[in-house]
Amino acid sequence: MKLSRQFTVFGSAIFCVVIFSLYLMLDRGHLDYPRNPRREGSFPQGQLSMLQEKIDHLERLLAENNEIISNIRDSVINLSESVEDGPKSSQSNFSQGAGSHLLPSQLSLSVDTADCLFASQSGSHNSDVQMLDVYSLISFDNPDGGVWKQGFDITYESNEWDTEPLQVFVVPHSHNDPGWLKTFNDYFRDKTQYIFNNMVLKLKEDSRRKFIWSEISYLSKWWDIIDIQKKDAVKSLIENGQLEIVTGGWVMPDEATPHYFALIDQLIEGHQWLENNIGVKPRSGWAIDPFGHSPTMAYLLNRAGLSHMLIQRVHYAVKKHFALHKTLEFFWRQNWDLGSVTDILCHMMPFYSYDIPHTCGPDPKICCQFDFKRLPGGRFGCPWGVPPETIHPGNVQSRARMLLDQYRKKSKLFRTKVLLAPLGDDFRYCEYTEWDLQFKNYQQLFDYMNSQSKFKVKIQFGTLSDFFDALDKADETQRDKGQSMFPVLSGDFFTYADRDDHYWSGYFTSRPFYKRMDRIMESHLRAAEILYYFALRQAHKYKINKFLSSSLYTALTEARRNLGLFQHHDAITGTAKDWVVVDYGTRLFHSLMVLEKIIGNSAFLLILKDKLTYDSYSPDTFLEMDLKQKSQDSLPQKNIIRLSAEPSCFCRYLVVYNPLEQDRISLVSVYVSSPTVQVFSASGKPVEVQVSAVWDTANTISETAYEISFRAHIPPLGLKVYKILESASSNSHLADYVLYKNKVEDSGIFTIKNMINTEEGITLENSFVLLRFDQTGLMKQMMTKEDGKHHEVNVQFSWYGTTIKRDKSGAYLFLPDGNAKPYVYTTPPFVRVTHGRIYSEVTCFFDHVTHRVRLYHIQGIEGQSVEVSNIVDIRKVYNREIAMKISSDIKSQNRFYTDLNGYQIQPRMTLSKLPLQANVYPMTTMAYIQDAKHRLTLLSAQSLGVSSLNSGQIEVIMDRRLMQDDNRGLEQGIQDNKITANLFRILLEKRSAVNTEEEKKSVSYPSLLSHITSSLMNHPVIPMANKFSSPTLELQGEFSPLQSSLPCDIHLVNLRTIQSKVGNGHSNEAALILHRKGFDCRFSSKGTGLFCSTTQGKILVQKLLNKFIVESLTPSSLSLMHSPPGTQNISEINLSPMEISTFRIQLR
């Protein structure tokens, strides 16, 4: 009878929604944009203004009806949840009933079949060089190569340049780390400002002198303190081609550990600064110091409009192989590219380092003699024992011949007669004297060489683009015949080794506390950007001057720059001095607090019912984040929401933000002061709540705080309001506890069983999986309910030591003493099992790890994977690294897959011919193994090093404490370890229709479920509570800015308010950055709980937003530097698979 009543309500609700939707569609039909969605042109402005009154009326109607729809949706969810929790028989009857297709658990993902073609077709069939093949070909035997230790002897015939002279571009540069051995500010004060000051003076002395600069963080800092004359001088030097800005990012980022969100953001920050201050657009990329190189960076530079790039730190054996085959210059193409749209011409420097001894040619002993800063009497000389000589008429002939010999030998490694010779090193050209020493001595050599026709050489100072322009010209004749002389390469350049078995895989994990903090910062920055732009447009509409005139945009800009700074290749990598790490951490920490304020202020304005009352509140203190971090090196703690049963105190509001572009059902957990609590939706409907204990220690329950958890259904990019009230008539469900090998004396209100042993076994289950654990609380087995099959999924911890050889592991290098040793405990760990209505978990307490495995009782995405949380503390260990290993029965052989920057998947092979440390790769968001039947994915909320050393295994290194330097310049070990939180999810998926030959392809894709699980973990819901009660305060039930979820495969990377052209304030435009993800369809799409479909990458602009009108939407290059020719407003967005695109958007 009860079920029948529920069906009646359910049916009526659906009927209402359908009728209301039809009314809206009919009523709004005449407001559509031009009929042909592909036609580009301006929006019908006249028509819009005539219909403004009608639109306002509809907006009011929508606002009134949103609450009704919200209540109906909540009813549907609660109904589905209550049916799920009910008897098995009624559930099965229900699933066969007429309404079964509407249950979230039964929803099949609607995927356009054309969207599945991409993953099955792609795989760089058209690359000349595939890095996976190169690794198979190279023997990695490292013989002595003579003067070029890691290479070979180079010879040439003297007549080789008779028909075409050698063209040499000597490119002066100075590599300025924004923090490493000193902080960013200290380096600027002591070194960088003098490089700039001297650059302006010294380049003006001779128009033949050239210089290149990369890091905009430093240029911006200098720009703020110089006068207009110096600024004009810089612009003049750029205009006449003497000074070139290369790459133009905020920093020269690491390429292994950053997420693509942050890589794009620091690129936009740099390029926007250049456009607004100097009016210059970089053409060429320059990355001489990142420790290995990612194709993601090549893709982003290509999308930003750069046409060429240079890289340096590549495995010495790969460099030698490329030099032998003359493939050091190549078109870098993405693995997944079916055509050539992603090609960018790349130059790989051939030798050991970017310093002067390793850039003129193969013999560092000779090249060092042409670094004139090392002249006798200076602060440092040449390690090879032969110093430079000042050039004068008496020695210019012999010195010129010696240098030209090196240039000729180096040129033999390339396919053209155009040669690049960089001239610089770290923080060079700082002293006034070095400019004279280098430029004057080299100019004498150039003048002599150019005057001797028998030398067949044309040599000059040049910028990077001077070199690339000449290279393009040399390739012109070949291109005219339809083919370039440069090969096409696909793949990546990890893991880097600079000599012997010294693989730089340690930094993939070093300082993991800050790698996690970085991702929290990214999530907060993205949330703040989106909410701020929406709030800004509402503030304009309602003329809320308090918001418009606030300093929020300045604070947002500073947060962008602090995040950008942290992407530097000595920051996020964990390879800086201790106090420099503290400086980075402090910047992130301060920006996190500022972002919380921006999120709170913006959310408050958007959810406030009467916008005009905004000025009367103090929003700084109104909405408070659920989590608070007390210092730059501590873990965030939950705030306790103080409740009151007194009617006069009113209830507490909880505003929950969903930063995803997908409608979602997520768990919300907050701490409250009372266990007798009720949670209501904005309309007053009670919500099911689980009350759990807050543990002050492993076995002590807090008497002042309780955790409440409930399921929240939140619209995409939207806010939902709940009310929390202390109430004696609470219908919340208390969690139950079972404790093993320990006991709790005072359990308070909770039911706790103290158990001596675990012989009966520990299990957790929800409607998707059943997990089995051993007596130590570690997972052993996973049973998937879909097919009833049991799978070995065995979690263990282990230690790596460091080698007994002279060179040991440090911040950069991983040099283990052999295979990992099992984690051994002296006493069996204390195990705590929680069983609840909303979630259940097993927590085990080891000496160095608190390990928690949680299952969510949620129908949909969050219920299908297993959440794993590790709190790691190795502050007292000596020269050890702690790893988590997941062993399974998947027959993965020696193949596994890791992501690159959260953007794409790179297949890997564990090779026995390489040492263990060479088989460790960077993981930004996920790694997986698979066989013909299943795929096991480890999803990660922080960047760490990962490997698969045996079939069926994934191993992730979680923290490392090392007592010594690894001789790469840092001059310290890593001993500043923090208590570090690592967060993962384990997802086991069934595969179908797999052709095992396809497994050997150079490309692979996650499933849509895996993509969205990763997004959920990296962008959790953000709960905010009001700090005080106000009797007059009225909030809307929800803020829902999108008409519906974006297509399942499209991710909104950012909605970034663009800076005004004048001053440092905001403009009315934002950069809308979208990414269409490539995904593998060969997985079950039943029961995914996704409220979205795929649409072949199409989004109709008029169906995008709910609360706003799109005034203009125009395509742009990734970093806003370029607009396509004839750019006009578009009415339909079209994205290809894997495409990241930026649009300039203006809302009102």
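Helices (H or I, at least four residues) and strands (E, at least two) are DSSP runs, numbered from the N terminus. The model is predicted: local features need pLDDT of at least 70, side-chain atom pairs count only at pLDDT 80 or more, and totals for chains, interfaces and linings use all residues. Residues are numbered from 1 along each chain as its sequence is written, and side-chain values use heavy atoms, with hydrogens and water left out.

The protein chain has 21 helices and 53 strands. Of its 1148 residues, 64% count as buried. Buried means under 20% relative accessible area, exposed over 50%, and partly exposed in between (1.4 Å probe, protein chains only). Contact means heavy atoms within 4.5 Å. Among contacts between residues at least 6 apart in sequence, 76% join residues at least 24 apart.

Nonpolar cores were examined next. Such a core is a set of buried Ala, Val, Leu, Ile, Met, Phe, Trp, Tyr and Cys residues joined through side-chain atoms within 4.5 Å. The largest one has 277 residues. Phe322, Tyr407, Phe493 and Ile986 have the most contacts inside it. Helix α17 (residues 512-542) supplies the largest share of this core, 15 residues. Another core, of 32 residues, lies apart from it and includes Val677, Val687, Ile708 and Phe830. Neighbours within four places in sequence left aside, Phe322 is in contact with Val129, Met131, Val134, Thr327, Leu328, Phe330, Met348, Leu489 and Phe493.

Helix α10 (residues 260-277) packs against two helices. Axes are lines fitted to C-alpha atoms, for helices over the stretch in contact, and angles run from 0 to 180 degrees between N-to-C directions. The axes of α10 and α19 (residues 552-566) come within 9 Å and cross at roughly 120 degrees. The two helices are therefore oblique to each other. Angles under 35 degrees count as roughly parallel, over 145 as roughly antiparallel, 65 to 115 as roughly perpendicular and the rest as oblique. The crossing of α10 past α19 is left-handed. A crossing has this hand if the near helix is turned anticlockwise from the far one by less than a right angle, and is right-handed if clockwise. On the α10 side, Phe261, Ala262, Asp265, Gln266, Glu269 and Trp273 take part. They meet Thr557, Arg560, Arg561, Leu563 and Gly564 in α19.

Helix α8 (residues 216-223) and α10 pack at an angle of about 35 degrees, their axes 10 Å apart. Here too α8 passes α10 in a left-handed crossing. Ile216, Leu219, Ser220 and Trp223 of α8 make the contact with Gly270, Trp273, Leu274 and Asn277 of α10.

Strand pairing was assigned from DSSP: two strands pair if at least two bridges are found between them. An open sheet is formed by five strands in the order β17-β19-β23-β22-β25, with mixed pairing. Its edge strands, β17 (640-641) and β25 (733-734), each pair on one side only. β22 (residues 690-697) and β25 pair in the parallel sense over two bridges. Within this pair, Val691 has Leu734 of β25 as its bridge partner.

Strand β42 (residues 934-940) is mostly covered, with seven of its seven residues buried. In a regular strand the side chains alternate between the two faces of the sheet. His934, Leu936, Leu938 and Ser940 point one way from β42, and Arg935, Thr937 and Leu939 the other way. β42 pairs with β41 (residues 926-930) in the antiparallel sense over five bridges. Three residues separate β41 and β42, which form a hairpin. Ile929 has Leu936 in β42 as its bridge partner. With β45 (residues 980-990), β42 pairs in the antiparallel sense over seven bridges. Arg935 stands opposite Glu989 in β45.

The peptide bond from Phe494 to Thr495 is cis, with omega near 0 degrees. Thr495 is found in the loop between β11 (488-490) and β12 (497-499). Lys543 is not a glycine, yet has a positive phi of about 55 degrees. Lys543 lies in the loop between α17 and α18 (545-548). At 63% relative accessibility, Lys543 counts as exposed. Met1138 also has a positive phi, near 75 degrees, in a residue other than glycine. The loop between β52 (1132-1134) and β53 (1140-1147) holds Met1138. At 3% relative accessibility, Met1138 counts as buried.
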